Amino acid sequence: MTGSARATLGWSDGELRKNGSPHRILAGAVHYFRVHPAQWRDRLERLAAMGANTVDTYVPWNFHEGVEGRTVFSGDRDIVRYLEIAASLGLDVYLRPGPYICAEWSNGGLPAWLTGRTRGLRTSDAHYLRAVDTWFDELIPKLAPLQGAHGGPIVAVQVENEYGSYGSDTAYLEHLRDGLRARGIVEMLTTADGTTAHMQEHGAVPGALPTFTLGTEVDRARQLCREDRPLMCSELWGGWFDHWGDVHHVRSADSLMETMDDLLDGGGSVSLYMAHGGTNFGLWSGANHEGRLQSTVTSYDSDAPIGEDGRLTEKFHRVRASYGRYRNEPLPPVPEAPAFLPDSVAELRPAARLVDYLRGLPAADPVRPVPARFEDLAVENAPVVYEAGFAYPPDSEVTIDGLHDRAVLFLDDQPLGIVQRGSECALPLPAAGGRGRLTILVESLGRINYGPLVGEAKGILGGVRAGNRIVHGWVHRIVPEERPEFVGTESDVPVLPRDGGGVSVATVHVDTPADAWLSFPGSGRAMVWLNDVLLGRYWDIGPTLSLYAPAPCWRAGANAITVLATDRVGSEVRVGDRLRVDRIESFAM
């Protein structure tokens with residue numbers, strides 16, 4: 001790397017140029033953190049076959065630094081390998097490193113250890129910037145050598161993300177811009193904001209090309225784009241994400257192509273969000289808050305041209321034809337359809353009652369006088385168990401103050417019920433009064449990823465009362481994101497009654513691993529593992545009623561499907577070849 005390196009992309013006279021020649025970005029978003037690493041090449045091959053010349057990806061900080069000072073860039077976090085695969089397929093890279101990314105991802109990509117102690121998020125607050133600088137000192141030197149100026153695929157780098165809809169701290173954006181340059185980024189910088197004058201004004205920073213995020217408002221973007229700048233849409237929303245208990249969103253191919261062709265025919269560049277949505281594996285789904293908490297589902301299919309399971313939709317072929325008009329070389333051939341396991345049904349056998357499993361977990365720390373927040377326990381997304389002995393008067397209730405977000409309560413060995421943020425978080429206790437042990441399992445329903453509530457804490461933020469008396473003396477246990485250890489083979493799983501939540505297991509025999517979808521008739525809310533991989537959350541309130549199980553997660557022979565249900569669990573697992581959804585709604589925005 002030398003100080004004389006020249007940027008691959010630039011612009012002049014309202015035109016984008018690559019190495020001095022007219023160019024347009026024909027991109028699609030494919031997030032490495034939402035794709036099994038064994039499928040990175042397959043999904044990027046499909047993107048290239050769609051006609052894209054560029055892949056667009058965020059970098060979620062919390063995915064790489066879940067524990068402060070401990071960064072991980074291997075396995076499913078090996079972003080360098082992902083970008084090298086993109087380069088091998090002839091794809092440029094539009095890099096969006098945040099530090100805030102939104103993306104319907106937990107906390108908008110900001111680590112919980114940071115947001116739990118810092119008020120000045122996404123500002124020039126010294127404590128926040130110190131953490132950002134330390135992170136960029138780790139991240140950017142790994143990626144700077146992969147810039148186009150040094151023979152790599154990165155040709156554009158975004159500063160923050162949609163800042164104009166959040167804040168107005170220009171010094172913050174300038175710090176990020178200068179920090180990228182100081183760490184060796186020479187390629188074109190951009191910002192990305194919505195199609196209002198205020199968003200564009202407050203999200204822009206000198207030295208970076210302002211771009212747009214939109215669904216349909218191309219004319220408004222043109223009006224806001226200065227004549228000396230090229231028109232670029234960094235996010236053309238070809239689909240939308242879903243919330244638990246809401247509708248499944250779809251956008252017609254005709255609606256998408258009307259907007260895309262309007263952009264392209266007018267000389268613009270575009271990145272389709274998403275080209276391939278992928279999956280919020282594990283517990284990484286975010287949430288929104290518009291008067292109430294709206295929890296994002298595990299699937300991030302986004303009605304994309306390349307489906308969550310790799311299927312190619314009508315949109316794929318329509319976009320391929322449109323992008324192909326602006327490519328000077330033949331497009332790669334269309335890949336074959338993915339293979340799927342045959343339909344089957346497996347018995348789901350109970351292994352342990354929920355309360356027994358929870359109380360068998362190790363205590364996380366010494367007894368605390370009041371319930372701790374997730375952030376106080378260094379917990380990003382895993383459920384937390386709160387346990388205390390207490391006395392309660394006759395005809396009283398147990399009340400949780402400041403619950404974020406959902407709690408399952410037990411008195412001794414008996415379930416008391418379930419309460420959830422946004423409703424009355426109180427349950428009646430036995431009328432006679434007495435003493436007992438209170439166990440509360442608290443789940444985050446997703447850390448908010450957009451708007452002023454980003455960084456909001458999780459857990460029990462107030463206290464717990466029996467009647468009017470505050471309960472003190474709490475033991476905390478953290479539910480691991482690893483598969484429950486005591487679940488063994490089919491022969492050593494005990495048979496227990498199905499009374500409410502608990503851990504259950506099924507065995508599915510496979511001849512040749514392939515893709516599949518898993519559904520759980522009769523089950524409620526649950527965490528689901530395929531062998532040792534946490535596929536994500538299942539919830540029967542929809543709109544998505546199955547989980548994607550990628551081929552690399554299966555083994556030839558016996559496969560264990562483990563279900564940790566927080567309310568009830570059915571008697572079977574169904575293996576199929578399709579995402580099951582209900583309550584479908586078309587949109588265009």
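This is a predicted model: local features need pLDDT of at least 70, side-chain atom pairs count only at pLDDT 80 or more; totals for chains, interfaces and linings use all residues.
1. Residues are numbered from 1 along each chain as its sequence is written, and side-chain values use heavy atoms, with hydrogens and water left out.

2. Have a look at the largest pocket, which holds about 970 Å³ of space. A pocket here is an open set of points on a 1 Å grid over the protein atoms alone, where a 1.4 Å probe fits, with protein on both sides within 12 Å along at least five of seven lines; lining residues have an atom within 4 Å of a point. The volume is the space filled by probe spheres set on the points.

3. What lines the largest pocket? There are 36 lining residues, and Phe63, Arg77, Trp284, Glu481 and Glu482 lie nearest the centre. By class, the lining has 21 nonpolar, 7 polar and 8 charged residues, where Asp, Glu, Lys and Arg count as charged. Helix H2 (61-64) and strand E32 (533-538) each supply at least two lining residues, and H2 gives the most, with 3. Helices (H or I, at least four residues) and strands (E, at least two) are DSSP runs, numbered from the N terminus.

4. Now turn to Glu162 and Glu235, which an unreviewed UniProt entry lists under "active site". They span 74 residues in sequence, yet no two of their C-alpha atoms are more than 10.5 Å apart, so they gather at one spot. Please keep in mind that such annotations may be inferred rather than shown by experiment.

5. Is Glu162 buried or exposed? Glu162 counts as buried, at 12% relative accessibility; buried means under 20% relative accessible area, with a 1.4 Å probe and protein chains only. You will find Glu162 in the loop between strand E7 (154-158) and helix H6 (170-182). Its contacts (heavy atoms within 4.5 Å) include Arg122, Glu235 and Tyr450.

6. Glu235 lies in strand E10 (residues 232-237) and is buried, with a relative accessible area of 5%. Among the residues Glu235 touches are Arg96, Asn161 and Tyr273. The side chains of Glu235 and Tyr58 are joined by a polar contact of 2.7 Å, that is, a pair of N or O atoms within 3.5 Å, where one must be able to donate a hydrogen and the other to accept it.

7. Finally, find Leu534 in strand E32. Leu534 is buried, at 9% relative accessible area. Leu534 and Leu283 are 251 residues apart along the chain, with 8.2 Å between their C-alpha atoms. Leu534 touches Leu283, and also Glu481 and Met527, among others.

How values were computed
Buried means under 20% relative accessible area, exposed over 50%, partly exposed in between (1.4 Å probe, protein chains only). Lists of a residue's contacts leave out its neighbours within four places in sequence.
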